Amino acid sequence: MSVRQFMTTRLIRLYPLYLLALMLALIGALFDAAHGNVALTHIGMYALFGVVLMPIPVRGSLFPLNTPAWSLFFELSANAIFAPLSKKLTTQSLSIFVGAAGCLLIVAVMMQLFGFGHTGTGAMDVGYSPLSIGAGFLRVWFSFFAGVLVYRLWLKWHLTFGIPPIFIAFLLIVILAARPPVILEGPYDLIATIVLFPLIVMLGASIKPRALTAKLFSILGLASYAMYVLQ
């Protein structure tokens, strides 16, 4: 598959629902403009940048009309890097890249670089604002390529576990619901991001759910993106 085909496939998957979400947000913004809460010229500018899925660094959010779009932008940027390298990138070189990105992520979080440094909502709760756009790129450089690495190792190892799938869901809920003291937010989020989440993905991929559970998971998986982008 060529780079153009790769990126086109990603856009076909992501863009239609994103555009629907943008249109719904635009309707809400026009109601705000009618009440004098926002200028029509601003809405026009937000819509223009939003249609082409480009960030606009003028407000608290990179995508004022559809805030969740910030993560889609960074995901597509990672896709653009991965597409021309996918056939040349060996598992060994991918492991080195993921390790380097993980080390840089640790340094950035602990030293509050690239926009990291928020407290109270989690050390990783950055990337959606103009001031933390660097953190957004660093987050996706690790997570995207770590996901590719996990997938390749999963294909190679052919692991299978007899653990009930509900255990994975429960473990993820516990990790996400935990609220460590502010002083421990950085280490906790780093451990969760670099160690626990990749392990959960590997473990989940190595479990074979039964027919009814598999169907339920398939439905939830298909609906997850729509729920996210339309929130």
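Begin by selecting Asn66, which is buried, with a relative accessible area of 7%. The model in the viewer is a predicted one. Asn66 lies in the loop between α2 and α3. Because the cut-off for buried is under 20% relative accessible area, Asn66 at 7% falls within that class.

Next, display the surroundings of Asn66. Leaving aside neighbours within four places in sequence, the residues in contact with Asn66 are Tyr18, Ala21, Leu22 and Val229.

From this group, select Tyr18. Beyond its neighbours within four places in sequence, Tyr18 is in contact with Asn66 and Val229, and also with Gly50, Val51, Leu53, Phe63, Ala69, Leu72 and Tyr225.

Together with Phe63, Leu105 and Phe116, Tyr18 has the most contacts inside the largest nonpolar core, a set of 49 residues. Two or more residues of this core come from each of α1 (3–34), α2, α3, α4 (91–111), α5 (133–157), α7 (185–205) and α8 (211–229). Colour α5 separately: this helix gives the most to the core, with 11 residues. Another core, of six residues, lies apart from the largest one; among its members are Ile175, Ile200, Leu203 and Ile207.

Finally, turn to the surface and select Met23, Met45, Leu48, Phe49, Val51, Val52, Met54 and Val58. These residues form a nonpolar patch with about 680 Å² of accessible area together. Helix α2 (residues 40–51) provides the largest share of the patch, four residues. Val58, also in the patch, is placed in the loop between α2 and α3 (69–82), the loop in which Asn66 lies.

Conventions:
Residues are numbered from 1 along each chain as its sequence is written. This is a predicted model: local features need pLDDT of at least 70, side-chain atom pairs count only at pLDDT 80 or more; totals for chains, interfaces and linings use all residues. Side-chain values use heavy atoms; hydrogens and water are left out. Patches are made of residues with over 30% relative accessible area and no salt bridge: like charges are joined within 9 Å, nonpolar side chains (Val, Leu, Ile, Met, Phe, Trp, Tyr) within 5 Å. Accessible areas come from the Shrake-Rupley method with a 1.4 Å probe; for residues, only the protein chains shown count as cover. A salt bridge is a side-chain nitrogen of Lys or Arg within 4 Å of a carboxyl oxygen of Asp or Glu. Buried means under 20% relative accessible area, exposed over 50%, partly exposed in between (1.4 Å probe, protein chains only). Contact means heavy atoms within 4.5 Å. A nonpolar core is a set of buried Ala, Val, Leu, Ile, Met, Phe, Trp, Tyr and Cys residues joined through side-chain atoms within 4.5 Å.
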